Amino acid sequence: SQMQTVARGTKVTWTNRDRVAHTVTSDADKFDSPLLSQNQTFTYTFDQAGTYTYHCTPHPRMKGTITVTP
């Protein structure tokens, strides 16, 4: 599980460093990356304060949380 805190307006970029494809999928339907192959990236700008949880669709045990401060 990954946890990060960022300021509102921050662009967050995920990079898949694994040889297996993964997604960055919001638990609340806020964002959803395509299936990312090794070294592909996905970027999302967090414009609203709050807590955003996400997971990998093919590997639901892979989870993360982004906390966005005002």
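Which residues is Trp 14 in contact with, leaving aside its neighbours within four places in sequence? I took contact to mean heavy atoms within 4.5 Å, and on that rule I listed Val 24, Phe 31, Gln 40, Thr 41, Phe 42, Tyr 44, Phe 46, Tyr 54 and Ile 66.

Before going on, I noted that this is a predicted model, in which local features need pLDDT of at least 70 and side-chain atom pairs count only at pLDDT 80 or more, while totals for chains, interfaces and linings use all residues. Residues are numbered from 1 along each chain as its sequence is written, and side-chain values use heavy atoms, with hydrogens and water left out.

**Entry on Trp 14**

I placed Trp 14 in strand S2, residues 10-15, where strands (E, at least two residues) are DSSP runs numbered from the N terminus. Trp 14 counts as buried because its relative accessibility is 14%; the cut-offs are under 20% relative accessible area for buried, over 50% for exposed and partly exposed in between, with a 1.4 Å probe and protein chains only. From C-alpha to C-alpha I read 7.8 Å between Trp 14 and Val 24, which are ten residues apart in sequence.

I also found a polar contact of 3.1 Å between the side chains of Trp 14 and Tyr 54. Such a contact is a pair of N or O atoms within 3.5 Å; within protein, one must be able to donate a hydrogen and the other to accept it, and residues adjacent in sequence count only if both atoms are side-chain atoms.

**Entry on the rings**

I then looked up the aromatic pairs, for which rings of Phe, Tyr and Trp (its six-membered ring) must have centres within 6.5 Å, with planes under 30 degrees apart called stacked, over 60 edge-to-face and the rest tilted. The count comes to ten aromatic pairs. Tyr 44 is partly exposed at 22% relative accessibility, whereas Phe 46 is buried at 0%. Ring pairs join Trp 14, Phe 31, Phe 42, Tyr 44, Phe 46, Tyr 52 and Tyr 54 into a cluster.

**Entry on the largest pocket**

Which residues lie nearest the centre of the largest pocket? I noted Gln 2, Trp 14, Thr 15, Tyr 54 and Met 62, out of 22 lining residues. The elements that give two or more residues to this lining are S1 (2-7), S2, S5 (50-55) and S6 (63-69), and S2 gives the largest share, four residues.

**Entry on Ser 26**

I located Ser 26 in strand S3, residues 25-26, and recorded it as buried at 5% relative accessible area. Its side chain reaches two backbone nitrogens, that of Asp 29 at 3.3 Å and that of Lys 30 at 3.1 Å. Not counting residues up to four places away in sequence, Ser 26 touches Phe 31, Thr 53, Tyr 54 and His 55.

**Entry on Asn 16**

A polar atom of the Asn 16 side chain lies 2.9 Å from the backbone nitrogen of Asp 18. Among the residues that Asn 16 touches, beyond those up to four places away in sequence, I wrote down Ala 21, His 22, Leu 36 and Gln 40.

Note on methods:
1 Å grid on protein atoms, 1.4 Å probe; cavity = no way out; pocket = protein on both sides within 12 Å on 5 of 7 lines; lining within 4 Å.
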